[in-house]
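Please look over the sequence and the model below before reading on.

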Amino acid sequence: MGHEIKTTEGSKQEKYENLLPQIESLITGETDMTANMANIAAALKQTFGFFWVGFYNAANEKELVLGPFQGPVACTRIAFGRGVCGTAWREQRTITVADVDLFPGHIACNSASRSEIVVPLMHGNEVKAVLDIDSDTPCAFDETDATYLKRICDMLSAHAYDNNAL
């Protein structure tokens with residue numbers, strides 16, 4: 001079955017509101033987590049034009065491993081607690097960074113990245129993956145992004161883990 005993301009003009013919130021049901025449609029009935037992550041990354045990149053959008057999976061208790069993404073090549077492995085992704089994993093919370101150069105221990109996978117948001121994909125009290133989005137402009141992310149990206153991660157988690165769709 002083919003899908004096409006229909007983007008709209010408007011505020012950031014309006015774009016997310018338009019995108020949420022489309023993402024729900026993309027993942028409903030699909031049992032492969034890699035496919036769902038890939039389509040979500042593509043839908044976010046297409047809708048917002050972010051510099052880099054992707055997932056890192058918690059491979060074990062020590063490191064995240066690169067999953068599906070859209071954008072330039074990326075770091076393959078990130079240690080627990082290291083950089084923005086590893087810190088979001090350790091702290092089990094969304095982290096928004098207005099200027100990556102000011103984040104202690106930032107991992108520069110690409111020097112064009114200027115700001116970042118990382119949202120944990122939770123199942124119960126466990127981080128299964130993180131959604132990482134980079135922008136090539138400073139201060140690109142705000143509470144609107146944090147709210148809607150968490151909803152997207154919650155939707156994916158509920159579909160995958162609560163419905164045993166792995």
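The paragraphs below take these topics in turn.

This is a predicted model, in which local features need pLDDT of at least 70 and side-chain atom pairs count only at pLDDT 80 or more, while totals for chains, interfaces and linings use all residues. Residues are numbered from 1 along each chain as its sequence is written, and side-chain values use heavy atoms, with hydrogens and water left out.

Eight of its ten residues are buried, so β6 is largely enclosed by the rest of the structure. Buried here means under 20% relative accessible area, exposed means over 50%, and partly exposed lies in between (1.4 Å probe, protein chains only).

Two strands pair if DSSP finds at least two bridges between them. Strand β5 (residues 115-123) pairs with β6 in the antiparallel sense over nine bridges, and V118 stands opposite D132 of β6. Two residues lie between the strands in the hairpin of β5 and β6, where G124 takes a positive phi near 65°. Strand β1 (residues 52-58) also runs antiparallel to β6, joined to it by six bridges; here N57 has A129 as its bridge partner in β6.

A cavity is a set of points on a 1 Å grid over the protein atoms alone where a 1.4 Å probe fits but cannot get out, and its lining residues have an atom within 4 Å of a point. Volume is the space filled by probe spheres set on the points, which are joined across faces, edges and corners. The structure holds one cavity of 30 Å³ or more, and the volume of the largest cavity is about 160 Å³. It is lined by 17 residues, of which I107, C109, E116, D132 and D134 are the closest to its centre. Elements giving two or more residues to this lining are β1, α3 (83-91) and β6.

Last, the aromatic rings. Rings of Phe, Tyr and Trp (its six-membered ring) pair if their centres lie within 6.5 Å; planes under 30 degrees apart count as stacked, over 60 as edge-to-face and the rest as tilted. The count comes to seven aromatic pairs. F48 and F50 are stacked, at 5.2 Å centre to centre and 20° between the planes. F80 and W89 are edge-to-face, at 4.7 Å and 85°. W89 is buried at 6% relative accessible area, whereas F80 is partly exposed at 40%.

Terms used
Helices (H or I, at least four residues) and strands (E, at least two) are DSSP runs, numbered from the N terminus. On a 1 Å grid over the protein atoms alone, a cavity is a set of points where a 1.4 Å probe fits but cannot get out, and a pocket is an open set with protein on both sides within 12 Å along at least five of seven lines; lining residues have an atom within 4 Å of a point.
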